Amino acid sequence: MDKVIFHIDVNSAYLSWEAIYRLQHGETLDIRTIPSAVGGDPKKRHGIILAKSIPAKVFNIQTGESLMEALKKCPSLYLAPPRYELYIKSSNAMVEIIKEYASQIQRYSIDECFVDVTDSLKLFGDPVELANIIKERIKTELGFTVSIGVSSNKLLAKMGSDLKKPDAVSTIFPLEMSEKMWPLPVGDLFMVGRATIPKLGAMGIYTIGDLANSDPEILKFTLKSHGILIWNYAHGREYSPVKKSNHLIIKSIGNSTTIAFDVETRREAHLVILSLCEMVGMRLRDSGYMTRLVGISIKNNLFEHASHQEKFNLPTDQTNEIYEVARRLFDALWDGSTIRHLGVRVSEFCENDFTQISFFDGISRDKQRKLDQVVDILRGRFDASAIMRGSFVGSGIRPMTGGIGEDDFPMMGSIL
DNA sequence: TCTGGGGTCCTAGGACCC
DNA sequence: TCTGGGGTCCTAGGACCC
């Protein structure tokens, strides 16, 4: 028997949640009713639009464009800074309601989840009716609207939730694909992005239907395995299960930042990298893993990207050791150009429950680990600046840089 | 268009080994 | 010494997602 899968997507999530929070805290204006947006941190030099209200759409405000660009289009645009702790709470509240109807829930991002309701239908009968029940409960109890896609796999459910917004339930069962999905522009298909659209266009492929009817051998030749993937998606073929728990294996941890001022000196760059390593190191220790690979990335003021990475044999979870490698990589990579953005990432994890102690540095390593632990605890109890390396004092650079602390749940990015 | 920050996976090319 | 080929690891960069 076919499965029945829902994809539930919060409409203008950040903006809706922000609006409700303000109404609950005594404001009378519902910012959903005026041109408004949740936008990047105003402290940074160039924030972007993360979510917009429906009245803001009239001004052609786009998600992802810079605040300056948006204000040019609509000078009266009301801007609210993001409030991530609120979004996590709002997201959790929604999932609590969904849990009453199904046990198989996969949180795909903060505002989206997949639900396998195959078994629930024995109790609730019609899938569209069940979707409407969930949608209405979220609306009346939590105050925001969702769009729900209904189908027999995750891909088609996800495509379905995009068909109608806000506050809607749409189906794309396999028999409805040719009518509901094939006429759409090919860029609407999951996994067909900015770089792929023109390549497909050059082959005369403009709609999802064109893609479905194209020759997979030719797609494979130009787009490699990605070509086969999207050809299968165009046919609605996708078989991954709704992963029940949120227990998934983290593959890498990274933080990066666009620096509030141009960085021209090695010394400043080193401080920013140390600040990123502090955050990456704390998150790594929090995850319970050790890393065997450290990488850094640089973006200069011409938006040119460069990266370096290094693999090593002795795993570590120490800020100091991560920083040593990151700094060395930076020094080898940097060409002296003005720096706009720096990133540090660790990956290639292994468990840290047994520690390989090398003969040479065993004792000092152990001491350093204990120091990291104490710092983590103090920072958990107070905040990042509770304990600060001397080199940061008066530098204008924060002692820790980057987001996503303890409360994060993983976003799956481009895999279903 | 003056373009954030968090991730994942894939590919090509070079190094190195047998 | 020069030659070929297969396998694996490492690295840089690019593509996609939210």
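Where is D215 found? In this predicted model, in which local features need pLDDT of at least 70, side-chain atom pairs count only at pLDDT 80 or more and totals for chains, interfaces and linings use all residues, residues are numbered from 1 along each chain as its sequence is written. Chains are lettered from A and ligands numbered from 1 in the order in which they are written, and side-chain values use heavy atoms, with hydrogens and water left out. D215 is found in the loop between α10 (208–212) and α11 (216–234). Helices (H or I, at least four residues) and strands (E, at least two) are DSSP runs, numbered from the N terminus.

The overall architecture is considered next. Chain A contains 14 helices and 12 strands. Along the principal axes, the C-alpha trace of chain A spans about 65 × 55 × 45 Å. A compact globule of 416 residues would have a radius of gyration near 22 Å, and the 24 Å of chain A agrees with this; the radius is taken over C-alpha atoms, and the globule rule is 2.2 Å times the number of residues to the power 0.38. Of the 416 residues of chain A, 47% count as buried, where buried means under 20% relative accessible area, exposed over 50% and partly exposed in between (1.4 Å probe, protein chains only). Among the contacts in chain A with a separation of 6 or more, 64% involve residues 24 or more positions apart, a contact being heavy atoms within 4.5 Å.

The surface and the charges were also examined. The accessible surface of chain A comes to about 21,400 Å², and carbon and sulfur atoms account for 56% of this area. Accessible areas come from the Shrake-Rupley method with a 1.4 Å probe, and for residues only the protein chains shown count as cover. Chain A carries 50 positive and 51 negative side chains, with the centres of the two sets 2 Å apart. Lys and Arg count as positive and Asp and Glu as negative, whereas His and the chain ends are not counted; the place of a charge is taken as NZ of Lys, CZ of Arg, CG of Asp or CD of Glu.

Aromatic rings of Phe, Tyr and Trp (its six-membered ring) pair if their centres lie within 6.5 Å, and planes under 30 degrees apart count as stacked, over 60 as edge-to-face and the rest as tilted. By this rule the count is 10 aromatic pairs. In one of these, the ring centres of Y14 and Y87 are 4.2 Å apart and the planes lie at 15°, so the pair is stacked. Y14 belongs to helix α1 (residues 13–24) and Y87 to helix α4 (residues 84–99), so the pair ties together parts that are 73 residues apart in sequence. Y14 is buried at a relative accessible area of 17%, and Y87 is buried at 0%. The rings of Y101 and F124 have centres 5.5 Å apart and planes at 55°, so this pair is tilted. Y101 lies in the loop between α4 and β5 (104–109) and F124 in helix α5 (residues 121–124), so parts 23 residues apart in sequence are tied together by the pair. With 12% relative accessibility Y101 counts as buried, whereas F124, at 30%, counts as partly exposed. Y14, W17, Y84, Y87 and F144 form one aromatic cluster.

Individual positions complete the description. V150 lies in strand β7 (residues 146–151) and is buried, with a relative accessible area of 0%. Not counting residues up to four places away in sequence, V150 touches several residues, including V4, I5, F6, P127 and A131. The C-alpha atoms of V150 and W334 are separated by 50 Å, the two residues being 184 residues apart along the chain. D215 counts as partly exposed at 37% relative accessibility; D215 and F392 are 58 Å apart in space, C-alpha to C-alpha, and 177 residues apart in sequence.

A cis peptide bond with omega of about -10° joins K165 and P166, and P166 is found in the loop between α7 (154–161) and β8 (168–171). M191, a residue other than glycine, has a positive phi near 80°; M191 lies in the loop between α8 (177–180) and α9 (196–202) and is partly exposed, with a relative accessible area of 25%. E348 is likewise not a glycine and has a positive phi of about 55°. E348 lies in strand β12 (residues 339–351) and counts as partly exposed at 36% relative accessibility.
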